[in-house]
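Please keep the sequence and the coordinates at hand.

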Amino acid sequence: MSGPDVVAYRMVGEWEVASSRKYFSPFADVLVEADFTAPSGKVSTMPGFYDGDGIWRVRFNPSETGRWSYRIRSRPHNDELTASGTFEVTPRETKGFLKATPGEAWGFHFENGEPVFLLGDTVYDVFGMAYCGGDTRSFLERRRSQGFNLIRARVPMSQFHPPEGDFEWHTRNMWAWGGSRSAPRFDLFNLDWFRHVDEQIRMIGELGFGIELIMEGWGFEFPFNHRTWFTAEWEELWMRYLIARFDAFPAVYFWTPLNEYEYYPNGDWHWKPVSDRWALRVGRWIKATAPHGHILSMHNGPVIPP
């Protein structure tokens, strides 16, 4: 087991546990999570994620200075995936996380009280473009010099988007799961892709951007238009993995479950009551699962109460 003894305020700490036990599907067959107890006594539960080679990681971003404790556990129980300890959170000058403050300034403030005017650019495929060799850093630096401070991007990529069809810039396989699009394994994840997204999110944060992370791309794209294959169980596993991997990053300003969620469940874009029911159910689940309190965005959708 490894982890930091000291973490600066509103920085990402990372704890690692490893197991020699072989799981058929380590992403799905065991659940690793950690309880973090603040000096005030507040307890935050953070899901962990499998990162290959028998290693699970937990990322957490502390909200208070002082002495914290943690306890990592697994279900089903595995002694090797169990750990506990303490760490010190030291003061640091930082804006902190973005918070929604309706009726104040432009509706958003950082934790330090600074008001925020968001100027965003939709760059759905920024992760995919970088993965395929595109110079996203230069593009983002130019956008930052123009005053932009928010990027909208989707985590899963698609090889097809109407009306253009196949994208010519796709030079690498960006399937985020195991198997393939014709024979998917939704109990596995493409770790090369996810490690690449890690790097891009860190870079985007260093450049001074926030990110709206779209969890399910477009509802007319596979697998999100095929709910008989991509069942609610696989959807929960997918969303939990995204939260475990990315929720601790301060650059994450918004979680968006599905871009224009009216496409749920079958890819047809028109209003239907089941789409609203899905948005409310999934939104509440995200709020209960993601402990860092990022803002939940629902395009064209209902407001999810606290």
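At what angle do helix α3 (residues 191–206) and α4 pack, and how far apart are their axes? The angle is about 40°, with the axes 11 Å apart. Axes here are lines fitted to C-alpha atoms, for helices over the stretch in contact, and angles run from 0 to 180 degrees between N-to-C directions. Helices (H or I, at least four residues) and strands (E, at least two) are DSSP runs, numbered from the N terminus.

This is a predicted model: local features need pLDDT of at least 70, side-chain atom pairs count only at pLDDT 80 or more, and totals for chains, interfaces and linings use all residues. Residues are numbered from 1 along each chain as its sequence is written, and side-chain values use heavy atoms, with hydrogens and water left out.

The angle makes α3 oblique to α4. Oblique is what remains once angles under 35 degrees (roughly parallel), over 145 (roughly antiparallel) and 65 to 115 (roughly perpendicular) are set aside. The α3 and α4 crossing is right-handed, meaning that the near helix is turned clockwise from the far one by less than a right angle. On the α3 side, L191, F194, R195, V197, D198 and I201 make the contact (heavy atoms within 4.5 Å). Their partners in α4 are W238, Y241, L242, R245 and F246. By class, this contact has eight nonpolar, no polar and three charged residues. Nonpolar covers Ala, Val, Leu, Ile, Met, Phe, Trp, Tyr, Cys and Pro; charged covers Asp, Glu, Lys and Arg; the others, Gly among them, are polar.

Next comes α4 against α5. The axes of α4 (residues 232–246) and α5 (residues 273–289) come within 11 Å and cross at roughly 40°. That makes α4 oblique to α5. The crossing is right-handed. From α4, E235, E236, M239, R240 and I243 meet W278, R281, V282, W285, I286 and T289 in α5. This contact has six nonpolar, one polar and four charged residues.

**Aromatic pairs**

The whole structure holds 40 aromatic pairs. Rings of Phe, Tyr and Trp (its six-membered ring) pair if their centres lie within 6.5 Å; planes under 30 degrees apart are stacked, over 60 edge-to-face, and the rest tilted. Here are two of them.

| Pair | Centre to centre | Angle between planes | Class |
|---|---|---|---|
| Y23 and W56 | 5.9 Å | 80° | edge-to-face |
| F224 and F230 | 5.4 Å | 85° | edge-to-face |

The Y23 and W56 pair links distant parts of the chain, 33 residues apart. Y23 sits in the loop between β2 (13–18) and β3 (31–37), and W56 in strand β6 (residues 55–60). Both are buried; buried means under 20% relative accessible area, exposed over 50%, partly exposed in between (1.4 Å probe, protein chains only). F224 is buried at 2%, and F230 at 1%.

**A buried serine**

S275 lies in helix α5. It is buried, at 1% relative accessibility. Beyond neighbours within four places in sequence, S275 contacts Y261, E262 and Y264. S275 and E260 are 15 residues apart in sequence and 10.0 Å apart in space, C-alpha to C-alpha.
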